[in-house]
Every structure is written in C-alpha cells, then in structure tokens.
Amino acid sequence: MLNTILGTLSSGVAASTSSYESIATFNATGSETTFTFSSIPSTYQHLQLRALFQRTTSTQLDVGIRLNSDTGSNYSQHSLSGDGSAVAAAGAANNSYVAIGVGPGGGTGNYFGASIVDIHDYAVTTKNKTIRSFNGADTNNAGISAIRLLSGAWYNTSAVNAITIYTFGDAMNTGTTFALYGIKGA
Amino acid sequence: MATTYTLISSNVLSSTTATVTFSSIPATYTDLVLRISSRISVGAIDWPLNLRFNGDTATNYSNVNIYWSGPSSGIFSNQTSANKIFGSTGNTATANTFGSIEIYIPSYTASQNKPLGSFGVPETNAASFDDGIQAYAGLWRNTNAITSIAISQDGSGFVSGSSFYLYGISNA
Amino acid sequence: MPATYEKIATTTLGSAATTLDLTSIPATFTDLRLVVVGADNDSAGYNIRFQYNNDTGNNYSFTDLRGDGSSASSLRVNNDNYIFAGSMPADINVPFLATLDIFSYAGSTFKTALVESSTDKNGSGSTRRLVGLWRSTSAITSIKLISNGGTYKAGTIATLYGILKA
C-alpha cells in the first residue's frame, strides 16, 4: 500500500493583496512514497513548487512530477546539467513523468536536493502545460553533487488540479518539504 | 504592510501580435519580474524574443548565455550584442505547446546600467531539438529608470494565447 | 503572522565597502531569497561570495554550471570557506545580479541554496547557476557578502525576502 499524504492547506496566513500566496505543503515523515497536491484551485495564474528533498534509499535518482494523476506517456522532458566536472544534455519524448531534479539518497546525512519548479498558465485550457525547473544538490563529495536546469511538458490542455510528486516508489526522509505556491494573474 | 510581490500589468493575446509593450511602468517597485508563456509564428520549434527598454532600439544591449542543443547533445555558450532571449516555441513545436520564460530585472529605477537574468525553456514532444533550455545574463547600458518594456520577435508574431505578466517586487 | 512573500531587510552601501551584512534574520519563514545588485568598486573582477553566521571555516561547498560566452563548463569545490556566486564584471559601471534561494534556512539540516549569477559585461562575463551547501545544522541568522579582495561599490544593495509555506 502506498503511503500517501495530502498537502496541508494554507490557513492562518494574513490576508494580503500579494500576488504570491501559499497553497499547500507536505512535510515528509520518512514513510511516504507519494505526495499529491489535489484540488488545486484554478484561481491563480501560475504555480511554483519549492522542494527540498532526500530519499530514504541510497539510490540517487530524479524526482519527478505527474499532473492530474496522468501516468501515461504524455510528457516530454529535457535537461542541461553539470556535475562539477562535465556538462551534459539529455532529452526524452513520450515520457511518463517530468523530472524536477535530483536529490541525495539515504545515508548522506543532512544533505538535501532543492528545486524551484514553475508552471505558467496552469489552468489555461488551450495550452499544454510547460514545466521549468532549477535544481541542485551538493554533498561536499559525500554523495551526488549536481546542478540542473530542466524543462518538460504535459501534453494535455486540461487545467492542472493535481500534482503528484513521483519518487519511483522511494520514501522521502524527514526534512523533505514540498511547498506549493500560487501566483496571481489579476 | 507594503505588498512585496504585486502584479503590475498583463497581456494575454487574442490574436497574432508582433510586439507586446508594457508602458508607464510605475517607479514604485524595486525589481521587475516578467513571466511569459509564448509561442511565435515561425517555422521552427523554438525561437527567441527580443527585449527592449524605453524604446531603445540602438545597440545598447548585450548578453551571455548557456543553452542546450539537442541534436548536438551538447551545452553551449555564446555572447551577443542583443537582448534575444530563447524560451518561446515556434510553429513546428507540438501543437498547443508554449515556452516558459522568467526574466528578472533588478533595481530598474536605479541610476546605473541595468543587469538582468532569465531562464527560458521551449518544449516539444521530441527528445532532441535546437536551442532548448537557456540561462541568460543580460545588460542594458543605460542609467535611466525603465519605464517601458517592449517584447518583440523576428517571426510573424506571438500567437494567440501567448501571455505576458509583469510583476513588481518591492523592498519597501 | 508574516505574509507568504515578504521583505525582511534591505542594506545599501553608503560608501564602498569590503562586506555587506544582513543580520538578525528571524526564524519565522521557510525559505530565504536574497537579491544582490552591485558593482566592483575596483573594476578588477573580484569574486562574489557569501558566508552565513560569520562562519569562516571550510564548511561550504558548491557545484556550478557556467557559460562564459564561448563554452559551457561545470566546476565543483569542496571544503571551502564561502558560497561562490560568480565574478563581478571588471568595470565599476557594470552591475551584476546575484540571487540566492536558501531552503529551510531555520531547519536542522545542512543548508542548501540555489544561486543565479548574471554578470554580462558587453563582450565578456558569464551566466551561472550554482548549488551551494553550508554544512551546519544551525539556523541561518546572518548573511555576509564578501569578496576575494577589493570592495563593493557604493549603492550595492542586498534585499532579503522571506517565503513562508502553508
């Protein structure tokens, strides 16, 4: 059985006319393998996901996202990365997720990967959804160290109402946080 | 309490448009952020947009970038005397797919030359294509406050649905 | 309660200085975002560097991706005594832009920052993206802008914002 948690909806934040608002947050406890932001309101114009993450396993793999629970091959993704000695480019069509970055695995102590993920016009129903991510993880040579610029798209014009963090079935360690923010367009 | 992150203006195109202009930008913020979702009518998967400030069309711009190029499976860097920012898609990108670009323009009212940074990504459902992901550092050599931003392209126009959102960041 | 995206502090150099400090950072936010716009008072191209909590030990490391106008490359430095954020344009009249996004700055894990550096100088310069690590479990309460010599020009400004999750 998958251990899933739902995001904690924003509450108690002072009302303001700011265009940048918190929507929901996950704080991992170490056992969850799935994180789904559901019932995302369509009242914003853009979404930003700010993530800090570490796997419980020792494998250091990408973390991805899927939109509206679509697990089909309806995504593309591309990356531009540096590992401290070389740069590399990669791309894939007809993928089943969009990578948003790489993070250290379990056993690397206090080291976490970080990502800032932007989705413009997420609720516009005439556009596929383009995803832009800035990611990095540094472990002072204790594990993976990499810097990545990533892009992807979900080939579906539906409004995004759910974002699932795809961890390849790995649980995420305590200290992992996925925070979703909305940016207004009016 | 002053609001830190505020929408100044937006433009969502309902028809193909050559240039989008934000004018009369108030001087009351500290930094500007442009969030763009754009597709250009041109026979390419990806295409750059041009950024000009205060109507300045002279060669007062420069940039250095790093970008992804799929067919060569490489990452490249070049330097130009222009403000061309990649990240828009073109006509031969997968239908209904728009690029995503964020441009940060700090201290836009300061009496100094104007640096800027951007991160743009076109997308299409293909493993490889020219001129993909781009990070960019730019400079406008002018010490005047920025009061207008013109966003243009060298194709046949930004297509309907392209959107441009200008935000002000305040340090007050 | 603070708003989601809120200015914490702004510091502007009234005269050229070797450092710029942001202190007494409250622990009430989730992430920090630091935006620095400045220039090299010596027109020498000195480095832009950051330290936290006055820690001058070799407790920092970074991995970067850079384009210098002719090639792209990546560098990693371990066990250093600062977070690197590029080199200032070697021209007092050409400002740079550096931003740091510091995640869970008040949490009890090591501190990861994503850094963007834009230092175009009309024929030279670079664009960089970096990840910087501070191996300390302490909350960040201060950030110091330093360099490897030289001074920051008067008018160099650093603004610190807090971002608060739900």
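Helices (H or I, at least four residues) and strands (E, at least two) are DSSP runs, numbered from the N terminus. The model is predicted: local features need pLDDT of at least 70, side-chain atom pairs count only at pLDDT 80 or more, and totals for chains, interfaces and linings use all residues. Residues are numbered from 1 along each chain as its sequence is written, chains are lettered from A and ligands numbered from 1 in the order in which they are written, and side-chain values use heavy atoms, with hydrogens and water left out.

**Exercise 1.** Describe the secondary structure and overall dimensions of chain A.

*Solution.* Step 1: chain A has 14 strands and zero helices. Step 2: the pattern along its sequence is therefore β-β-β-β-β-β-β-β-β-β-β-β-β-β. Step 3: the radius of gyration (over C-alpha atoms; the globule rule is 2.2 Å times the number of residues to the power 0.38) is 16 Å for chain A, in agreement with the value near 16 Å for a compact globule of 186 residues. Step 4: the C-alpha trace spans about 45 × 35 × 35 Å along its principal axes.

**Exercise 2.** Locate A:Asp70 and decide whether A:Asp70 is buried or exposed.

*Solution.* Step 1: A:Asp70 sits in the loop between strand 6 (62-67) and strand 7 (75-82) of chain A. Step 2: its relative accessible area is 15%, so A:Asp70 is buried.

**Exercise 3.** Which residues touch the most other members of the largest nonpolar core?

*Solution.* Step 1: a nonpolar core is a set of buried Ala, Val, Leu, Ile, Met, Phe, Trp, Tyr and Cys residues joined through side-chain atoms within 4.5 Å. Step 2: the largest has 37 residues, and C:Leu34, C:Ile48, C:Phe50, C:Tyr52, C:Ile102, C:Ile140 and C:Ile143 touch the most other members. Step 3: strand 8 (residues 96-102) of chain C gives the most to this core, with four residues. Step 4: beyond four places in sequence, the residues touched by C:Phe50 include C:Leu34, C:Tyr82, C:Leu100 and C:Ile143.

**Exercise 4.** Describe the largest cavity by volume and lining.

*Solution.* Step 1: on a 1 Å grid over the protein atoms alone, a cavity is a set of points where a 1.4 Å probe fits but cannot get out, and lining residues have an atom within 4 Å of a point. Step 2: grid points are joined across faces, edges and corners, and a volume is the space filled by probe spheres set on the points. Step 3: the largest cavity holds about 300 Å³. Step 4: of its 23 lining residues, A:Gln48, A:Asp118, B:Glu102, C:Arg33 and C:Glu116 lie nearest its centre.

Note on methods
Buried means under 20% relative accessible area, exposed over 50%, partly exposed in between (1.4 Å probe, protein chains only). Contact means heavy atoms within 4.5 Å. On a 1 Å grid over the protein atoms alone, a cavity is a set of points where a 1.4 Å probe fits but cannot get out, and a pocket is an open set with protein on both sides within 12 Å along at least five of seven lines; lining residues have an atom within 4 Å of a point.
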